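Please walk me through this structure in the viewer. Tell me what to select at each stop and what is found there.

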Amino acid sequence: MHQLSTDPDFHYELVRIMDYSPYEGSDISEVLVAAQSILPGDYESFHAAFASLANRTHARALAVNATRHPVSARNAFFKAASYYRSADFFLHGNWSDPRIDSFWSQALRTYDAALDLMTSPGRREVLTSKDGSFRIPTVFYQAQPSNQNPQEDAHKPTPLPTLLLCNGYDGSQEEMYHAFGHAALQRGINVFTFEGPGQPTVRREQNLGFIPDWERVVEPVLDHLASLPSVAQDKVGILGYSFGGYLVPRAAAKLPGRMAAVMAVDGLMDFGRSILEGFPNETLALFRSGKREEFDAQLTRAVAEQGSLSTSARWALQQGLWSFNTLSPFDFVTRAQAYNLTGVAGEIDVPVFVGDAPDDTFFPGQARELAEAVGGEATYHRYDAVDGTGLHCSAGASVLQNQVVLDWFEDVVGA
Ligand SMILES: *[C@@H]1O[C@H](CO)[C@@H](O)[C@H](O)[C@H]1NC(C)=O
Ligand SMILES: *[C@@H]1O[C@H](CO)[C@@H](O)[C@H](O)[C@H]1NC(C)=O
Ligand SMILES: *[C@@H]1O[C@H](CO)[C@@H](O)[C@H](O)[C@H]1NC(C)=O
Ligand SMILES: *[C@@H]1O[C@H](CO)[C@@H](O)[C@H](O)[C@H]1NC(C)=O
Ligand SMILES: *[C@@H]1O[C@H](CO)[C@@H](O)[C@H](O)[C@H]1NC(C)=O
């Protein structure tokens, strides 16, 4: 694939933003112009390029008369929101950086302006976990039935298949609208997005890091869906993106009979192992022998020194500390060991789609393992790099990705 930066991680993140261009989330050339001023490995230059693009796009959105041109205003607000999120992406190394909150609130504000301008506006609602220990922000996007019979009572909603969308390690529920939601609505599938502890808005507003028992997030969401007349209760599926490829199968295994289909894009079996595999032997030895202080000192030093880690490793550690809500790398790596589907994946009692991208640099080999552990319920789908679907989560090929995943879902639930 042609590279947009000599830094492979920046290339990946730029492709990821362009991935949403068919679904109202970006414009390709806006991202390419931003990319031109980004220096490989320089997080501040990445931030500056997208801060400037977000600012211009936001100003353009505000300049549109939204009463007269609601679609144009919505498109510009959605894109501004994407670019504000991109401006935030590499900032999590310094928790005192005020831009972590300021850019996020701009992202949410512009996103909400776009939601209000949808033909059938997306609706936000905050749910509460069963034990009351955290709140779950959600958005419900109600689909229009594709073959509505005009004789039918217009006040009685037609129950439709519904897709729950769960992002991963670093992405938001808003991103999920562009990645899969818009494509699902085009097919007459309702969309319900949510975030749990560790994910961007919950981390910021409730100061909570990731939890491995993700059924605590999904169960209240399913209970809530059960009260919605526009949801066909026997046609509820759940899709997990990236690290969501662990979170969602975990929840499905612990909530038997509650959903009709599970999609892991891509599959992730043992997150802790993938973190350990990223360390050199000497660092790993410190961890294994429980040398917390030496381990923390070594990694904290490596992260601070520009150039001593790859962009991807540095970001993964900074983002891991922030999203697991700890300043100690030792704590982060210790907690990561609990995110393991060994002995759990086989409990899933419904069909599971497991995607596997051949050039995935984050979790190589893990998707196949998950499919094998799921067993007979698994549909293992290995993407092909020649189709442009080779990158982690097939970034950059969202139209083809949605064809594969949503056709599978429709076939499973008989939609
Ligand atoms: C863009 O940046 C300029 C200069 O900082 C600021 O005055 C303006 O309000 C910003 N526009 C938006 C839409 O935030
Ligand atoms: C925006 O468009 C509406 C509908 O065409 C019109 O009534 C209104 O005057 C316009 N507002 C401005 C500020 O031009
Ligand atoms: C972190 O950000 C704060 C606020 O901008 C700043 O004062 C501080 O110097 C930064 N720390 C580091 C290590 O860059
Ligand atoms: C995941 O669980 C399996 C089975 O208990 C174990 O062999 C493996 O080491 C675990 N992975 C991690 C990273 O602890
Ligand atoms: C790291 O350890 C593994 C397994 O113990 C060994 O196969 C490998 O050669 C070591 N790598 C280096 C760079 O020492």
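A salt bridge here is a side-chain nitrogen of Lys or Arg within 4 Å of a carboxyl oxygen of Asp or Glu. Keep in mind that the model is predicted.

**Stop 1: glutamate 174 and arginine 124.** Select both side chains. They meet in a salt bridge, with 3.0 Å from N to O. Glutamate 174 belongs to helix 6 (residues 173-186) and arginine 124 to strand 1 (residues 123-128), so this pair ties together parts that are 50 residues apart in sequence. Arginine 124, at 35%, counts as partly exposed.

**Stop 2: lysine 130 and glutamate 219.** Select this pair next. The two form a salt bridge in which the closest N and O atoms are 3.6 Å apart. Lysine 130 sits in the loop between strand 1 and strand 2 (135-141), while glutamate 219 is in helix 8 (residues 215-225), so the contact ties together parts that are 89 residues apart in sequence. Lysine 130 is exposed at 61% relative accessibility, and glutamate 219 is partly exposed at 24%.

**Stop 3: a network.** Now select Glu13, Arg16, Asp170 and Glu175. Salt bridges that share partners join these four residues, Glu13, Arg16, Asp170 and Glu175, into one network.

**Stop 4: aspartate 97 and arginine 99.** Here the closest N and O atoms of a salt bridge are 2.7 Å apart. Aspartate 97 has a relative accessible area of 13%, so it is buried. Over the whole structure, a search finds 25 salt bridges.

**Stop 5: the largest cavity.** Rolling a probe the size of a water molecule over the atoms shows where empty space is left. The count comes to three cavities of 30 Å³ or more, and the largest cavity holds about 220 Å³ of space. Which residues lie nearest the centre of the largest cavity? Select Arg16, Arg85, Ser86, Phe89 and Glu175, which lie nearest its centre among the 17 lining residues.

Then select helix 1 (8-18) and helix 4 (70-88): each supplies at least two residues of the lining of the largest cavity. Helix 4 gives the most, with four residues. Coloured by class, the lining shows five nonpolar, six polar and six charged residues.

Notes. Residues are numbered from 1 along each chain as its sequence is written. Chains are lettered from A and ligands numbered from 1 in the order in which they are written. This is a predicted model: local features need pLDDT of at least 70, side-chain atom pairs count only at pLDDT 80 or more; totals for chains, interfaces and linings use all residues. Side-chain values use heavy atoms; hydrogens and water are left out. On a 1 Å grid over the protein atoms alone, a cavity is a set of points where a 1.4 Å probe fits but cannot get out, and a pocket is an open set with protein on both sides within 12 Å along at least five of seven lines; lining residues have an atom within 4 Å of a point. Grid points are joined across faces, edges and corners, and a volume is the space filled by probe spheres set on the points. Ala, Val, Leu, Ile, Met, Phe, Trp, Tyr, Cys and Pro count as nonpolar, Asp, Glu, Lys and Arg as charged, and the others, Gly among them, as polar. Buried means under 20% relative accessible area, exposed over 50%, partly exposed in between (1.4 Å probe, protein chains only).
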